Amino acid sequence: MSFPNLRAFLDVLRSEGDLAVIDAPVDPYLEIAEIHRRVIDEGGPALLFTNVIGSAFPVVTNLFGTTRRVDLAFGPKPEAFMKRVIAAKDTMLPPTPKALWKEKELIFDLLKVGLKTVPRSQAPVLDVCDRQEPLAKLPALTSWQEDGGPFVTLPLVYTEHPDGHGHNLGMYRMQLFDGHTTGMHWQIHKGGGFHYHEAEKRNRPLPVTVFLGGPPALIASAIAPVPEHLPELLLTSLILGRKLPMADNPLGGHRLVAEAEFAICGEVPPHERRPEGPFGDHYGYYSLQHDFPVFKVRHMFHRKDAIYPATVVGKPRQEDYYLGEFLQRLLSPAFPMAMPGVRDLWTYAETGFHPLAAAVVRESYSREALGSAFRILGEGQLSLTKFLIVTDRPVDLADFRALLTTVLERFDPHADLFVFDNTSHDTLDYTGLRLNHGSKAVLLGTGDPVRELPHVYTEGRLDGIADAKPYAPGCLVVSGSSYKDDPELARRICERHGEKLKRWPLVVLADDTGIVRGQTPFLWTVFTRFNPATDMYAQGTVSRHRIRYELPIVIDARMKPGYPDELIPRDDIVEKVSARWRDYFPSGSFSKR
């Protein structure tokens with residue numbers, strides 16, 4: 001099943017009891033976000049708030065907050081179709097008449113992919129045109145108390161290259177400044193930012209259209225990590241299984257997605273910046289205030305009964321986790337075609353995606369895996385990966401314990417760890433020494449096992465260490481003083497206890513060993529709190545411009561001065577939501593809190 005618009009999806013969720021309608025008055029400032037967080041923590045339903053203080057528009061959140069709802073939104077057909085396309089390359093190249101006939105059903109489905117123009121009468125997004133401070137009427141959420149203001153959190157930002165070389169649809173948060181102005185959070189390596197860069201070089205404003213709502217496929221396409229020149233609107237059509245309806249803008253400019261809830265039209269002028277943020281982001285911390293381009297809105301189209309879609313980001317798992325899981329399943333069959341030698345690839349939503357990736361690669365000759373690692377780090381947004389783990393063994397990459405065990409059994413510290421300083425970092429990753437700058441590491445584990453890993457810690461007491469617990473075979477988590485009180489503790493572990501800990505290839509120094517309780521707390525804590533070049537320690541020697549490390553490798557994953565604050569809800573908002581819970585859910589349809 002695929003849904004032509006947001007409300008068709010909501011109708012099915014309502015019929016299946018997976019949509020909670022909240023008629024009580026709610027505040028878009030912090031209150032809606034706290035309700036959302038509690039419901040998503042419990043695997044609860046999508047939420048439709050019909051009485052939002054300060055706005056005539058209802059708000060829907062938690063559309064994709066469970067695997068079941070994501071599967072319902074998109075169905076099995078897109079994944080099956082993608083696998084058929086990839087498999088067909090072996091039968092259709094060269095394209096003989098026999099091969100084409102064999103794949104006739106696939107060709108017929110491919111002919112359905114594209115855009116179609118519909119008249120204004122078939123474009124509900126054109127019902128209303130608002131030019132009088134339209135942004136002031138939106139029920140934009142403030143999710144965290146230190147946020148710089150209300151933000152549009154599910155914007156589908158459409159731009160076109162100034163020279164007509166394709167389009168981009170991306171999701172870049174937008175802070176509302178006033179009724180006609182927002183920030184435009186174009187991070188490095190984002191398609192819309194590339195278009196703006198080209199326009200700015202020509203000293204020209206970049207036209208921008210921001211869609212809210214529409215087919216669920218449109219939202220998925222906006223966040224999909226597709227190659228730069230693959231049009232996201234065509235990916236939307238592929239997921240839909242039919243052509244995407246578009247309508248001409250009667251006021252000129254970009255064509256509009258006919259079934260969107262809102263279409264916000266304007267431009268981003270060149271050479272103009274404004275402070276944006278802070279913002280509680282999907283890393284689970286506040287991203288700090290920085291200067292970003294400014295979006296100036298001329299007018300806003302919307303359905304006469306428009307519904308405002310929003311999301312809330314924070315510590316994983318949030319909605320982006322479940323959407324990311326689907327997109328990786330959808331796009332993973334294409335990885336071997338785009339990157340020969342890469343059999344499987346996974347980025348970890350528990351870390352915010354860019355901090356950690358893993359791959360299963362081909363190793364048909366010695367060190368081929370290293371070449372594949374370099375290929376991955378040179379591919380689109382994957383170039384922002386901070387820590388890449390590579391093996392040639394078949395393993396379920398989503399199961400990080402299994403992956404780490406496989407790699408640590410095979411890892412040669414003299415040859416299989418590479419750290420590269422002075423590289424690019426994701427804009428939201430503050431572990432580097434300055435914005436957008438940091439380092440990367442590649443860890444290889446290929447071939448046959450070279451060691452048997454310990455499962456239980458038996459090495460006894462260590463000076464300066466208060467607790468030690470295994471996370472996985474060969475990976476030990478230890479805790480001691482805070483970084484502020486003892487910044488050299490990780491180095492001393494290597495120097496004083498290296499011989500004692502040699503059985504453990506990887507030692508993680510954390511503020512709390514309780515992170516061993518599960519994959520999400522371990523990955524979120526470790527990989528959002530260290531920069532490879534400054535926070536990895538090992539004894540070693542230099543030979544032929546290469547460092548030959550000795551075990552153990554120690555990662556200092558403690559919170560450090562200068563890191564942004566962790567996201568924690570405000571006490572009075574927590575108490576308010578607790579006190580009002582029966583107001584939100586009077587029938588007890590969702591009674592957990």
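A polar contact is a pair of N or O atoms within 3.5 Å; within protein, one must be able to donate a hydrogen and the other to accept it, and residues adjacent in sequence count only if both atoms are side-chain atoms. The model here is predicted, so local features need pLDDT of at least 70 and side-chain atom pairs count only at pLDDT 80 or more, while totals for chains, interfaces and linings use all residues. Residues are numbered from 1 along each chain as its sequence is written, and side-chain values use heavy atoms, leaving out hydrogens and water.

**Exercise 1.** Find the surroundings of Glu31 and the polar contacts of its side chain with Lys576 and Arg580.

*Solution.* 
- Step 1: Glu31 lies in helix 2, residues 31-41 (helices are DSSP runs of H or I, at least four residues; strands are runs of E, at least two; both are numbered from the N terminus).
- Step 2: With a relative accessible area of 1%, Glu31 is buried (under 20%; exposed is over 50%, partly exposed in between; 1.4 Å probe, protein chains only).
- Step 3: Leaving aside residues up to four places away in sequence, Glu31 touches residues including Ile573, Val577 and Tyr584 (contact means heavy atoms within 4.5 Å).
- Step 4: Its side chain makes a polar contact of 2.7 Å with that of Arg580 and one of 3.4 Å with that of Lys576.
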